[in-house]
Amino acid sequence: MHNDIQEVLYSEEQIMQKVKELGQQISQDFEGRNLLVICVLKGAFIFMSDLVKSITIPLEVDFMAVSSYGQSTKSSGVVKIIKDLDVPVEGRNVLIVEDIIDSGLTLSYLIDVLERRNALSVSVVTIFDKPIRRTVDLEPDYKGYTLPDAFVVGYGLDYAEKYRNLPYIGILKEAVYAGK
Ligand SMILES: O=P(O)(O)OC[C@H]1O[C@H](OP(=O)(O)OP(=O)(O)O)[C@H](O)[C@@H]1O
Ligand code: HPA
Ligand SMILES: [Mg+2]
């Protein structure tokens, strides 16, 4: 385990098992419909690549980069689009792939953007959910694991751009970010 990690919450094996289950469910639910899978960068990049391998129906992928945490463990409250989609979503069934829903601000902003662009349907899958921190009323259509009220890193999630490559999800020691 990395020295800056206080506790591993879910191992690589546990995460992969959950990703498989989510992929199977999504494959069933979207059978026969045209599916555009949207990865919310940067955090969702690892989950996205594992998830699409578990989905067995035809799909297209696109990427959007948004940021609101920056160098902090608290949301700035302002969601910035850093990179937009390459394709129009009008008339498409879109599935937003998130690594974590925390306050819910990022997702509520994205859902609003995609609905305004006239997507046929907007669904959400997240591998991690922290419902206790929610400031907007929002429930994902598909979710992996529910997390406690702690700042977590790994499996794509960062603190100040670090720790994304840890294969598990763990609680970051407070000493790492205390006073910052
Ligand atoms: O529900 P919220 O409170 O909005 O938090 C969730 C969002 O925050 C993180 O992104 P971040 O802004 O850190 O950008 P990153 O993905 O590049 O790390 C994470 O990847 C989610 O997209
Ligand atoms: O707990 C978290 N860790 C990393 N990034 C995040 N973005 C929202 N919540 C978190
Ligand atoms: Mg981040």
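## Ground rules

Residues count from 1 along each chain as its sequence is written, while chains are lettered from A and ligands numbered from 1 in the order written. As the model is predicted, local features need pLDDT of at least 70 and side-chain atom pairs count only at pLDDT 80 or more, whereas totals for chains, interfaces and linings use all residues.

## The sheet

Six strands make an open, mixed sheet, ordered E4-E3-E2-E5-E6-E7. Strands here are DSSP runs of at least two residues, and helices are H or I runs of at least four, both numbered from the N terminus; pairing takes at least two DSSP bridges. E4 (80–83) and E7 (142–146) sit at the edges with a single partner strand each, so one side of each has no neighbour in the sheet.

E3 (residues 60–67) pairs with E4 in the antiparallel sense over 3 bridges, and Ala65 stands opposite Lys83 in E4.

## Helix H2

In H2 (residues 45–54), Ile46, Phe47, Met48 and Leu51 are buried, meaning 20 or more other C-beta atoms, placed from the backbone, lie within 10 Å of their own.

## Around ligand 2

Ligand 2 has Tyr69, Ile100, Asp102, Phe151, Val152, Val153, Leu157 and Asp158 around it (C-beta, placed from the backbone, within 6 Å). That shell splits into 6 nonpolar, no polar and 2 charged residues, with Asp, Glu, Lys and Arg counted as charged, Ala, Val, Leu, Ile, Met, Phe, Trp, Tyr, Cys and Pro as nonpolar, and the others, Gly among them, as polar.

Definitions and conventions: Buried ≥ 20, exposed ≤ 12 C-beta atoms within 10 Å, placed from the backbone.
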